[in-house]
Amino acid sequence: MKFEHFAINVAQPRAMSDWYENHVGLSVVSKQDSSPFMIFLADDSGTIMLEIYNNPKAPVLDFNSQHPLVLHLALVSEDPDADRDRLVAAGAEVISDDILDDGAHLVMLKDPWGLALQLCKRAKPMLK
């Protein structure tokens, strides 16, 4: 088995989708224009998706109240400094910016809705 998608129930799926398309580079695979506004966004590999929606059958997690280590989306970044600055200019907030002992550079941000994003430049890439 392999991952197909990771899904989260959010307050503003359409606005969040726009932000991730415009600033993170995810692309729409499928977008529903009526409630629950299911939107599937793919990374540039086209092999995994993030599904965001607003389904009233379940609560929306208050991302702002969650520590980033509870839940975060990790993204490969070739230039974490430039990506950090670009995302902050688009409304993200820096939580931490660390260089690990092995040389990996990890930047933790929160998007405008409070969802934690980690920008990862690994000293030795973990995925193919």
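This is a predicted model: local features need pLDDT of at least 70, side-chain atom pairs count only at pLDDT 80 or more; totals for chains, interfaces and linings use all residues.
Let me start with the pairing of strand β1, residues 5-9, with strand β4, which runs in the parallel sense over five bridges; strands here are DSSP runs of E of at least two residues, helices are runs of H or I of at least four, both numbered from the N terminus, and two strands count as paired if DSSP finds at least two bridges between them. Within that pairing, alanine 7 stands opposite glutamate 51 of β4. Residues are numbered from 1 along each chain as its sequence is written, and side-chain values use heavy atoms, with hydrogens and water left out.

β4 also pairs with strand β3, residues 39-42, this time in the antiparallel sense and over four bridges, and there leucine 41 has leucine 50 as its bridge partner. β3 and β4 form a hairpin with six residues between them, and glycine 46 in the turn has a positive phi of about 70 degrees.

Turning to the domains, the chain is divided into domain 1, 1-55, and domain 2, 65-127, with bounds that come from an automatic or database domain assignment. Their centres, taken over C-alpha atoms, are separated by 19 Å. Ten residues of domain 1 are in contact with twelve residues of domain 2, contact being heavy atoms within 4.5 Å.

The area buried between the two domains is about 970 Å², with carbon and sulfur atoms giving 77% of it; this is the accessible area, with a 1.4 Å probe, that two parts lose on being put together, summed over both. Of the area that domain 1 buries against domain 2, Trp19, Tyr20 and His23 supply 51%, more than any other three residues.

The elements that give two or more residues to the side of domain 1 touching domain 2 are β1 and α1, residues 13-24, and α1 gives the most, with six residues.
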